[in-house]
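Please look at the sequence and the three-dimensional structure shown below, and keep both in view while reading the report that follows.

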Amino acid sequence: MTSDAWQRISRDVLALLLASSCPGCDRVGTLLCDDCRMLLRSDPHRSRTPQGLLVHAALRYEGVPARTIRRLKEQGATMLSWPLGAALQSVLHAQAREALIVPVPTSRGAFRRRGYRVPELLIRRTGLASHRVLVPARRTRDQRELGRAARARNVAGSMRARVHGRGAVVIVDDVVTTGATLDEAARALRAAGFTPVCAVALAATPRLHDTANS
Ligand SMILES: [Zn+2]
């Protein structure tokens, strides 16, 4: 590459950095500040879905982790998949020994909007292999608009496995709220012969831990 080209790239990178702000605290001139990076360290905790599937989550979906995940999901900040993937890594490595890692499928609409599949991107950052076994079977409404019972109805029958198989599977999602999506993923996998052993999430909402602890 010529030195002119390097200079152009350096200028672009500098402009990008100067125009950036930390998703956690809005400090300008950084993609993620050191203080907020510390708050993305894995803090593993367990909970259960309504159907009883064990969920291991790396982060609590609140404060700095929640804001950082939203920027990755909604604002195209794919660079943030590196620190977030590092948080997922320890939990996923511990749970996925001998098991197939299957991400929750991304809806066609979300993929068109973002151009990437968040759970798959995060798994890739952990260095483990992701297997796209599940695909959307039909359209669903945005889960964020819905309450607990409506979420379960909204996702029921919304996924299918592309292949039949057997053996242990760990299901991976970015954010777990009620666990209804993970239950649907587990149902679709069982229908295709697999054995879902647990789920791993990058983050779980506090509401989900409350359910598990009560
Ligand atoms: Zn910050």
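Leu84 belongs to helix α4, which spans residues 81–95; here helices (H or I, at least four residues) and strands (E, at least two) are DSSP runs, numbered from the N terminus. The model is a predicted one, in which local features need pLDDT of at least 70 and side-chain atom pairs count only at pLDDT 80 or more, while totals for chains, interfaces and linings use all residues. Residues are numbered from 1 along each chain as its sequence is written.

Leu84 counts as buried because 26 other C-beta atoms lie within 10 Å; a residue is buried if 20 or more other C-beta atoms lie within 10 Å of its own, exposed if 12 or fewer, and partly exposed in between, with C-beta atoms placed from the backbone. Leaving aside residues up to four places away in sequence, Leu84 touches Leu40, Thr68, Ile69, Leu72, Leu122 and Leu202, where two residues are in contact if their C-beta atoms, placed from the backbone, lie within 7 Å. Pro65 is 19 residues from Leu84 along the chain, and their C-alpha atoms are separated by 8.4 Å.

The axes of α4 and helix α6 (residues 118–126) come within 7 Å and cross at roughly 70 degrees; axes are lines fitted to C-alpha atoms, for helices over the stretch in contact, and angles run from 0 to 180 degrees between N-to-C directions.

The strands can now be set side by side; two strands pair if DSSP finds at least two bridges between them.

| Strand pair | Sense | Bridges | A bridge or facing pair |
|---|---|---|---|
| β2 and β7 (residues 195–204) | parallel | five bridges | Arg60 and Ala204 |

Strands β1 and β2 form a hairpin with five residues between them, and Gly52 in the turn has a positive phi of about 95 degrees.

On the scale of the chain, the domain assignment gives domain 1 (1–38) and domain 2 (42–213), with bounds that come from an automatic or database domain assignment. Their C-alpha centres lie 29 Å apart, and the contact takes six residues from domain 1 and eight residues from domain 2.
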